[in-house]
Amino acid sequence: MAASARDIIAENKAAGASQHKAKVLIVGAGPVGLTLANYLGGYGVETIVIEALPQLIDYPRAIGIDDEALRTMQGIGLADKIEPHTTPFHWMRFLTASGRCFASIEPRTDEFGWSRRNAFIQPQVDRILFEGLSRFDNVQVRFSTSFVKLEQNADRVLAQVEGPDGPYTIEADYLVAADGGRSPVRETLGLAFEGETAANQWMVIDIENDPVGTPNLYLHCDPKRPYVSAALPHGVRRFEFMVMKDEDEAHFSRPEVVRSLLSKVLEKPEEAKLIRQRIYNHNARLANRFRVQRVLLAGDAAHIMPVWQGQGYNSGIRDAANLGWKLAMVATDRLEPALLDTYQSERRDHAKAMIDLSVMVGKVFNPPYAFLSTVRDVVTRVLNYVPSAKRYLLEMRFKPMPRFTEGVVVPSRAGDARKSPVGRLFIQPRVRTASNQIVRMDEVIGPNFAILSWGNNPVQYMDPEQVAMWRSLGAVFVSVKPDVQLGSRPAEGLGFRSDPLEGIVEIGDVQGRLKEWFGNWPESVVFLRPDRIVAATSTPLQVTDVSKALARVLSYTPRPIRTETRTGEASHGSVAAE
């Protein structure tokens, strides 16, 4: 149960503890907490991150980062530092006991600006996320500081924490629990964490100077002991072996046992240089709520899933991307707190879909009954002769992509609703800027709202009040042109407007992908959220009505006009000012 504010304050006074304030308190300095802190730092939100451990975790963890997560890292200005520590286009192959590849997942698309599947080493990227916070004077990270209890009311959250020098209280407008699968914050709130823990554990072993040397990731469906072999960046090889019922941590602490295990995959296991080893459980659980008043759950505190699709880490980063801009807009009084209600409605169902997919893939890899392995091998052999089924796997079409039908979206009345882009991620092709740079599109927009149109002025038919609203929210207005037209003006006297559009960023469609996108949907004005979800589409003449509808779902209330748009390093590298 949450303690009362009076109790917390009295206890801290008795202990001589001080009180600290922030707009947002984040519990947990894992990847989700650090990503969220980078978001808030860029928006100028006073943020405190507490972490019970004395330093960042350095043991083996996630090894797959997808295109959506890398796009999020781009949004906080750190993708360029992370990319050199990844292996792009990292295929996943499933092998039968005889060694036949029955499924190979090889997505070669980059519609969101990055390779669909990438290998990485999580502690390395966590370090980059942590170091990225040094850019912001408004963000503090406090290690060796544990969450104890909380109290909240309509105005604030009071969290009692235990630091190296004793207990003290942190007062915040909002608290985000990014404190892992065993979340003390979630337990304090009394929230259910529904699901199950798999019966089998897995031994993870990382080895330096890769003794196998082949790229990609292989899941070997050996009925005696299934295992995974993955090539990671910088010459690291990861093996994951299923732990049998009579084996435990003490069993694997003996070097001869580990060498025997590795002899299954290496000719000379005694020469392998182990970096670290660790045993994991695989869980599939989902919190019944992601928000309780001023406390929000994110990452493993909200959902955990088996590793088989590499989506546990990426789902947590999706939480940070969805919550980051909303929390920043509310904390800086640009939008009303009701906006935060859309976090659960947009994220929980998709997180569940990812859990279900991961559980299903795990059952294909390691069926619960022996006869199902034979069924799997026969069925997959037949499906490999069906081109559509093969493409379904190769292109990773089975991966549930975020699509919101409620929340911060305004459904379109045009075209086929099943094909509507509203509620989906917008593409990120390469574009040319006015200064002749070719960059990924998000670099032009920065971590802001954006209103894009094809070939014209996106605000030409928008009421001045709506234009002012978007400018107060830091929106960027973008006119997309065929690349050959960028910078050119029609000759005077022909009746065309020849001067540059004031306050409008013009970009050239270098790859032709934007023309293709706009050509496949009847509405040519697109409203993008900071997380790059299409919030709405409109024809040029309907843009004011759609803008007003979007303002309502954004919980927007008119305030004194603020017109700043985040550019430069503070906006994580946006080149919108060009």
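User: Before we look at the sheet, what makes two strands a pair?

Analyst: Two strands pair if DSSP finds at least two bridges between them. Strands are DSSP runs of E with at least two residues, and helices are runs of H or I with at least four, numbered from the N terminus. This is a predicted model, where local features need pLDDT of at least 70, side-chain atom pairs count only at pLDDT 80 or more, and totals for chains, interfaces and linings use all residues. Residues are numbered from 1 along each chain as its sequence is written, and side-chain values use heavy atoms, leaving out hydrogens and water.

User: What makes S3 and S7 a pair?

Analyst: S3 and strand S7 (residues 117–120) are joined by 3 bridges, and the definition asks for at least two, so they pair. Asp 66, for instance, has Arg 117 in S7 as its bridge partner.

User: Which strands are at the edges of the sheet?

Analyst: The open sheet has 3 strands in the order S3-S7-S4, with antiparallel pairing. Strand S3 (64–66) and strand S4 (86–88) each pair on one side only, which makes them the edge strands.

User: Which strands does helix H3 touch?

Analyst: Helix H3 (residues 67–75) packs on the sheet and touches S3 and S7; contact means heavy atoms within 4.5 Å.

User: Why is Val 467 called buried?

Analyst: Happy to show you! Buried means under 20% relative accessible area, exposed over 50%, and partly exposed in between (1.4 Å probe, protein chains only). Val 467 has 15% relative accessibility, so it counts as buried. Val 467 sits in helix H14 (residues 464–472). Beyond its neighbours within four places in sequence, Val 467 contacts Val 459, Met 462 and Phe 477.

Methods
Axes are lines fitted to C-alpha atoms, for helices over the stretch in contact, and angles run from 0 to 180 degrees between N-to-C directions.
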